[in-house]
Amino acid sequence: KGENMKRELSAIRASVAAFVLAMVVMPGFVNGQELSDADKALIQKIQEAGGQAMPLAKNDARLTVAFHLSDKEVTDETLAILKDSASVYSLNLRGTKITDAGLAHVGTLKGLTRLHLEKTAVTDAGLAHLSGLPALEYLNVYETKVTDAGLPHLAAIKSLKRLFVWQTTVTEPGEETLKAALPGIEIVPDFKKDREREITEATRGAED
């Protein structure tokens, strides 16, 4: 099974690499928004580190970067290759071995809009590195050691729209404090809304 999984991952990476190469050399790529030499070099480094990277869309040269399917060990040191890149739009680190130290590199990605940290070793301390991200809209910390104590760091991210905290120790009071700081944010699970929904459904059931 392990060998089959490795072969499948290698095939996926090869397909992605071929697609990216085709996009990069395509005439008139993304309506004149051709990848810079720095971005082409970054894509190559990401692939060499076991990750995948490709332009966001045909008319958008920002990069979606993923390490969650890597057949190599992805650690804090791996993320150093991304430092200060203005082109990274989305970053998926699900299930990798990154820690709070790795988020110091992530915190330099000023164009980062979506970040997956599910099933990693990040904690409240690591979230402090994200507080200066001006474009972050989506953050997933499912099954991490994040608690209410880390949420104030996120309150500084005024662009944040969706936060996933399944299987953490975040509580309803913590969520409500963050919602007060960031009106309109969607938090999943939303303990208050879920509780109110249960009460409503129970009341309707009693009336029936």
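Analyst: Helices (H or I, at least four residues) and strands (E, at least two) are DSSP runs, numbered from the N terminus. This is a predicted model, in which local features need pLDDT of at least 70 and side-chain atom pairs count only at pLDDT 80 or more, while totals for chains, interfaces and linings use all residues. Residues are numbered from 1 along each chain as its sequence is written, and side-chain values use heavy atoms, with hydrogens and water left out.

User: What does the secondary structure of the protein come to?
Analyst: Along the sequence, the pattern reads α-α-β-β-β-α-β-α-β-α-β-α-β-α. The total is seven helices and seven strands.

User: What percentage of the residues count as buried?
Analyst: Buried means under 20% relative accessible area, exposed over 50%, partly exposed in between (1.4 Å probe, protein chains only). The protein has 208 residues. The buried share is 44%.

User: Which strands pair with E3?
Analyst: Two strands pair if DSSP finds at least two bridges between them. Strand E2 (residues 60-66) runs parallel to E3 over four bridges, and Val-65 has Leu-91 as its bridge partner. On E4 (residues 114-116), Arg-114 stands opposite Ser-90. That pairing is also parallel, over three bridges. The partners of E3 are E2 and E4.

User: How many residues of E3 are buried?
Analyst: Strand E3 covers residues 88-92 and is mostly covered. The buried count is five of five.

User: Where is Thr-96, and which backbone oxygen lies 2.7 Å from a polar atom of its side chain?
Analyst: Thr-96 sits in the loop between E3 and H3. It is buried, with a relative accessible area of 10%. A polar contact is a pair of N or O atoms within 3.5 Å; within protein, one must be able to donate a hydrogen and the other to accept it, and residues adjacent in sequence count only if both atoms are side-chain atoms. The backbone oxygen 2.7 Å from the Thr-96 side chain belongs to Leu-93.

User: Is Thr-144 buried or exposed?
Analyst: Thr-144 is found in the loop between strand E5 (138-140) and helix H5 (151-154). Contact means heavy atoms within 4.5 Å. Leaving aside neighbours within four places in sequence, Thr-144 is in contact with residues including Leu-117, Val-122 and Gln-167. Its relative accessible area is 7%, so Thr-144 is buried.

User: Why do the buried residues of H6 lie on the same side?
Analyst: In H6 (residues 172-181), Gly-174, Glu-175, Leu-178 and Lys-179 are buried. They share a side of H6 because they cover an arc (from the directions from the helix axis to the C-beta atoms) of only 135°.

User: Which residues are exposed on the other side of H6?
Analyst: The buried side of H6 holds Leu-178, among others. On the other side, the exposed residues are Pro-173, Thr-177 and Ala-180.
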